[in-house]
Amino acid sequence: MNNLIFRRQFLLTTAKIQFDTSWKKNKLNKYQRDCNIYSHPDLEITTSANADAELYLLGYILDPHHPEYSNQDILDNLLKTSSFDAIAAATDSLTGRFAIIYSSKNSLNVFHDATGFREIYYFNDKKEFACGSTPDIIAKNLSVVRDNDKDLNNFFNSPQLNNGERKWIGVKTIYKGIKKLLPNHYLDLIHDKVIRYWPRESFKFTDLNKSTLQAAQILTGTYESMLNRYKIQQTITSGWDTRLLLAACKKHIHNIEFYFIRGFKADHGLVDSADYLITKKISEKYQLPTQYMIIEDIEVDEEFEKIYYANNVLARPKLLKVYYTGFKNNLDNVFTVSGTLGNSLLRLQGGLSRNTVQADLIAHKLKYEQYKYVTDSIQEWLDASKNVRSYNYYLLDLFYWEQYLGNWGALSGSEQDIIRDELRPFNNRELISTLGAVPDKYRYRDYPLNYVKTIKLLWPELLNFSNDIEHYKIKKALRTLNLEHFADKVYQRIKA
């Protein structure tokens, strides 16, 4: 199982490192210091260079507007732009899970995809610097010790963090001096600075029809691009996010294997949830090749378990058996497709006011109010992001994007690298901006009209299957009277 150690990970560093001989080593040619990229053999790496600069792509990148483009085509086109800032801006329209390294004589910058799904951590002790896929790969190879900060360790060891999901907050890690690069920022390694590069202009509302057409084009183009390269397996549920993705891949449904993870309880056997029953109806109606996966109480190989936790310090015990099942099923060459982001970032959630800029209130919403590390980290982010308010963005929406999805949302990709890679079609800044720029009334959580209208354009019959699982009759009656959204807002305010 040695091939599973730091699988699909990378390390960029000036330090002299000795990796397994199977690992790839790329020396930066433009940068003035001796600096190398070490990458696991299963991580795609693509390079492009001209007289002034060079780009390294770690992972994969898709152009929904040009589905025929390869990683190399996209990287070559990026390098034709006039500056690093222009390169970063040009990735707004691109989907994927990637880190990009820009190297020139006087610059060494690193950034990632729209939501930081290909994670980047960094370390600089003024003698050597490094950035890599996880804090663990840096800590192990540069001999970085665990941080003894009391507040940080109180949170790391808390029952609130370790209740199953391990929703980390902030840029610090359990290792001293190793920090995380958040979405919408790039890392200037020469000057040891993190710089925000998005948003670049003021928020503007988008017409619902325009948003619908643009979203449909981006999503269908993403599938065209993905299926030109990879074999994919896609989760299917009764939710709005996966329903929209199913509509977007309508032309390719018989080239995709769908799956649904069924609940299993030792005392009750298989659980016939409403989610499962609706999914089953859709699959049978359209003869979708669907596998119903059951994660039973299997015994995990000890070596696999050891490597799983060593690859990422935040790896979740609750998913160990899920990924071990995938490992046993030999899913190495199959990308999994998920609707993560679409269920949360692009649809309005209830609860805290989006105008809130108080760290203690945000920490309370996260149920972390008793942890000083969390409150301090939120305040640090709020202070550093003050200028974003001049662009008319809700700061809390951006906090959710960068801190919640940038940490917890990216974790599954890092954990899952041990068995396979993942595609998130919603992981596209242009798409996020488009679906998030319609008026709030079209982004309602339980009946998002921006989703509904896009599905109606791509595969209208899918709207015949109800996904209002909870209190459906009451919600449908309120919707008929055009009161559903209002009633939910009142309920959420009372609840908050």
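The model is predicted, and its secondary structure comes to 16 helices and 19 strands. With a radius of gyration of 22 Å, close to the 23 Å that the globule rule gives for 496 residues, the protein is as compact as a globular protein of that length. Along the principal axes, the C-alpha atoms fill a box of roughly 65 × 50 × 50 Å.

**The parallel sheet**

- E13 and E18 take part in an open sheet of five strands, whose order is E17-E14-E13-E18-E19 and whose pairing is parallel.
- The edges of this sheet are held by strand E17 (290-294) and strand E19 (422-423), and because each of them has a single partner strand, one side of each is left without a neighbour in the sheet.
- Helix H5 lies across E13, E18 and E19, and its direction runs at about 140° to that of E13.
- Helix H7 (residues 274-285), for its part, lies across strand E14 (257-262) and E17, running at about 155° to E17.

**Helix H5 against helix H6**

- The axes of helix H5 (residues 208-227) and helix H6 (residues 240-248) come within 9 Å of each other and cross at roughly 65°, and the two helices are therefore roughly perpendicular to each other.
- The crossing in which H5 passes H6 is right-handed.
- On the H5 side the contact is made by Leu-219, Thr-220 and Tyr-223, while H6 contributes Leu-244, Leu-245 and Ala-248.
- Sorted by class, the residues in this contact of H5 with H6 are five nonpolar and one polar, with no charged residues.

**Helix H5 against helix H13**

- The axes of H5 and helix H13 (residues 429-436) come within 9 Å and cross at roughly 155°; since angles over 145 degrees count as roughly antiparallel, H5 and H13 are therefore described as roughly antiparallel to each other.
- H5 passes H13 in a left-handed crossing.
- From H5, the residues Ser-211, Gln-214, Ala-215, Ile-218 and Leu-219 meet Glu-430, Leu-431, Thr-434 and Leu-435 in H13.
- By class, this contact of H5 with H13 has five nonpolar, three polar and one charged residues.
- Leu-219 of H5 is named both in the contact with H6 and in the contact with H13.

**The antiparallel sheet**

- Strands of a sheet pair through backbone hydrogen bonds, either parallel or antiparallel.
- Six strands form an open sheet in which the pairing is antiparallel and the order is E4-E5-E6-E7-E11-E12.
- Strand E4 (45-49) and strand E12 (193-196) are the edge strands of this sheet, each pairing on one side only.
- On average, and with direction ignored, neighbouring strands of the sheet are turned by 20° against each other.
- Within the sheet, strand E6 (residues 95-104) and strand E7 (residues 108-112) pair in the antiparallel sense over five bridges, and Ala-99 stands opposite His-112 in E7.
- Helix H1 (residues 71-79) packs on this sheet, where it touches E4, strand E5 (53-62) and E6, and its direction makes about 140° with that of E5.

Methods: Residues are numbered from 1 along each chain as its sequence is written. This is a predicted model: local features need pLDDT of at least 70, side-chain atom pairs count only at pLDDT 80 or more; totals for chains, interfaces and linings use all residues. Side-chain values use heavy atoms; hydrogens and water are left out. Axes are lines fitted to C-alpha atoms, for helices over the stretch in contact, and angles run from 0 to 180 degrees between N-to-C directions. Helices (H or I, at least four residues) and strands (E, at least two) are DSSP runs, numbered from the N terminus. Angles under 35 degrees count as roughly parallel, over 145 as roughly antiparallel, 65 to 115 as roughly perpendicular and the rest as oblique. A crossing is left-handed if the near helix is turned anticlockwise from the far one by less than a right angle, and right-handed if clockwise. Contact means heavy atoms within 4.5 Å. Ala, Val, Leu, Ile, Met, Phe, Trp, Tyr, Cys and Pro count as nonpolar, Asp, Glu, Lys and Arg as charged, and the others, Gly among them, as polar. Two strands pair if DSSP finds at least two bridges between them. The radius of gyration is taken over C-alpha atoms; the globule rule is 2.2 Å times the number of residues to the power 0.38.
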